[in-house]
Amino acid sequence: KAEATIKELQEAQPDAPLSFLPLDLADLESVQACARAFVAKEDRLDLLVCNAGIMAVPEGLTKDGYEVQFGTNHVGHALLVKLLLPVLQRTAEEPGSDVRVVTVSSVGHHLAPAEGIEFAALKGEMGHLTTWNRYAQSKLANRLFARQLAERYPGIMSVSVHPGVVSTNLYSAFVGDMGLKKMAYWGFKQLLSVSVAEGAKNQLWAATSPREGLVAGEYYFPVGILGKGSKQGADEELGKKLWEWTEKELEGYTL
């Protein structure tokens, strides 16, 4: 996929200096290896978009034992940000720099459990929650983490976004190949979802629009709309607890 994408982009922009770094967010050693490879090649980083993720998948664990959606969508991204923070900060100190971290959350974060994030159960499959609750918990974490990053590192513009309900294969694991779910999803796609091109707009806006038009730490609905996040997503104490939990979990990983 990466090679095909690079080829397509270079057909449009032949001199674009593009390269592919392998990264598996469900494997923290892979995240560490990716960060090390990046800093060995580059001395600055202006924009990091944390946009990978899985959704509504069956119960499972990452390689490191975290609930698979939370481990992939939050923990993997958090480690990548942690390891790249030094180069992000150095870049932010350069004259005229505009360093940003854009984290793709989801409107689905409204479906998080009552306590927001069930920290005590994150090292496990969390089968007592539905797959959508587990997904929502991870997307709430994305939003909270982006807000904490903005507060702790004000030189970096950190925001989170909802891309819209986008017609991709992200729903495949939940929908399956046949039956009522498949029929319902077809109708849903026709009525409610947007194209991939449309679904890229909010994160592109957050990444490239004038910096003075952004509010650090905020969550944006497409495109560039404030005020549509859940109360949990603005919970300062929950955000601090997530940050501290994450730091403790990742303290053994360095460049």
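Where is the place of E42? In this predicted model, E42 lies in the loop that runs between α2 (28-41) and β1 (47-50), and together with D43, E93 and E94 it forms a negative surface patch. The points below take up this patch residue, the sheet and the salt bridges in turn.

**Surface patch**
- With a relative accessibility of 37%, E42 counts as partly exposed.

**Sheet**
- An open sheet is formed by 4 strands in the order β1-β2-β3-β4, with parallel pairing.
- Because β1 and β4 (219-220) stand at the edges and each has a single partner strand, one side of each is left without a neighbour in the sheet.
- Strand β2 (residues 100-104) runs parallel to strand β3 (residues 157-161) and is joined to it by 5 bridges, while V101 has S158 in β3 as its bridge partner.

**Salt bridges**
- The structure holds 8 salt bridges, and one of them brings together the side chains of E67 and R134 (3.5 Å, N to O).
- This pair links distant parts of the chain, since E67 is in the loop between β1 and α3 (68-92) and R134 is in helix α4 (residues 131-152), 67 residues apart; both E67 and R134 are buried.
- A further salt bridge joins E236 to R147, with the closest N and O atoms 3.9 Å apart, and this pair too links distant parts of the chain, from helix α9 (residues 236-250) to helix α4, 89 residues apart.
- E236 is partly exposed, at 24% relative accessibility.
- Between R100 and D98 the closest N and O atoms are 2.7 Å apart; R100 is buried, with a relative accessible area of 2%, whereas D98 is partly exposed, at 28%.

Definitions and conventions: Residues numbered from 1 in each chain as written. Predicted model: local features only at pLDDT ≥ 70, side-chain atom pairs only at ≥ 80, totals over all residues. Heavy atoms only, no water. Patch = residues over 30% accessible without salt bridge, like charges linked within 9 Å, V, L, I, M, F, W, Y side chains within 5 Å. Areas by Shrake-Rupley, 256 points an atom, 1.4 Å probe, with all protein chains shown as cover. Salt bridge = Lys/Arg side-chain N within 4 Å of Asp/Glu carboxyl O. Lys, Arg positive; Asp, Glu negative; His and termini not counted. Charge placed at Lys NZ, Arg CZ, Asp CG, Glu CD. Helix = DSSP H or I, 4+ residues; strand = E, 2+ residues; numbered from the N terminus. Buried < 20%, exposed > 50% of the residue type's maximum accessible area, 1.4 Å probe, protein only. Pairing = 2+ DSSP bridges.
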